[in-house]
Amino acid sequence: MRPWLYNTLYRLGIAPWDTGVRPHLVDLVESGRIKPEGGGRVLDLGCGTGAESVYLAGRGFDVVGVDYARVALDRARARARQEGAEDRCRFVRADITSYPLPGVDGTFDVILDFGALDDMTGQPRADMARLIHRYAHPGTVFVLWCFYARKEDVPRVKFAGVSQLHSMIEPGEEQRLFGDGFAVERVESPEHTACFVMTKR
């Protein structure tokens, strides 16, 4: 989708993905799978209104959230102020398919993507995957949530749930995009979605 459409959906309060902190991330933090001690630098790609970024900042992580929707970033900054997380959380407007991101240097201990990569197709998807590789170092944990299915295995049109109207990651594509640099683990998630926890080798 174009930035103007994202901005419109955020402005109207009808962005369907803007639902708060994802349970998979809460589980990873509460289990200690990702933690700030000795590795708390986070890159949140397609951060939207900053729910995950501010959640992690409030738990001791240093977070950079990146999105290209101005309305979402304004709300993310307001959320950080309201939660007293401004000192550990900053937001950058940028295209997450283009490396390097402006003002984003070095590598990160945790990289998040909740629904950005699967929203892209073709070259932009490949470019974003390359950007993730370049911002990772050995031991980086990359959390990817996506719609995940073969097009022919989901309904053509559906009013609730996944349909062929969604772009999605096809089974095996996660290995093609990341398997050469990351150990790929899939964790439990609802049908036609996937959450992967990948560790950079």
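Strand 6 and strand 7 make a hairpin, with 5 residues between them. In the turn, His-192 has a positive phi of about 70°. The two strands run antiparallel and are joined by 6 bridges; Glu-185, for one, has Val-197 of strand 7 as its bridge partner. Helices and strands here are DSSP runs (H or I of at least four residues for helices, E of at least two for strands), numbered from the N terminus, and two strands pair if DSSP finds at least two bridges between them.

A word on where this comes from: it's a predicted model, where local features need pLDDT of at least 70 and side-chain atom pairs count only at pLDDT 80 or more, while totals for chains, interfaces and linings use all residues. Residues are numbered from 1 along each chain as its sequence is written, and side-chain values use heavy atoms, with hydrogens and water left out.

In helix 2 (residues 23-30), the buried residues include Leu-25, Val-26 and Leu-28, where buried means under 20% relative accessible area, exposed over 50% and partly exposed in between (1.4 Å probe, protein chains only). Their cover includes helix 3 (51-57) and strand 4. Just after helix 2 comes Gly-32, with a positive phi of about 85°.

Then the aromatics. Rings of Phe, Tyr and Trp (its six-membered ring) pair if their centres lie within 6.5 Å; planes under 30 degrees apart are stacked, over 60 edge-to-face, the rest tilted. That gives 7 aromatic pairs, among them these:

| Pair | Centre to centre | Between planes | Type |
|---|---|---|---|
| Trp-145 and Phe-147 | 5.3 Å | 65° | edge-to-face |
| Phe-178 and Phe-182 | 6.0 Å | 85° | edge-to-face |

Phe-147 is partly exposed at 22% relative accessible area, whereas Phe-178 is buried at 0%.

Conventions. Contact = heavy atoms within 4.5 Å.
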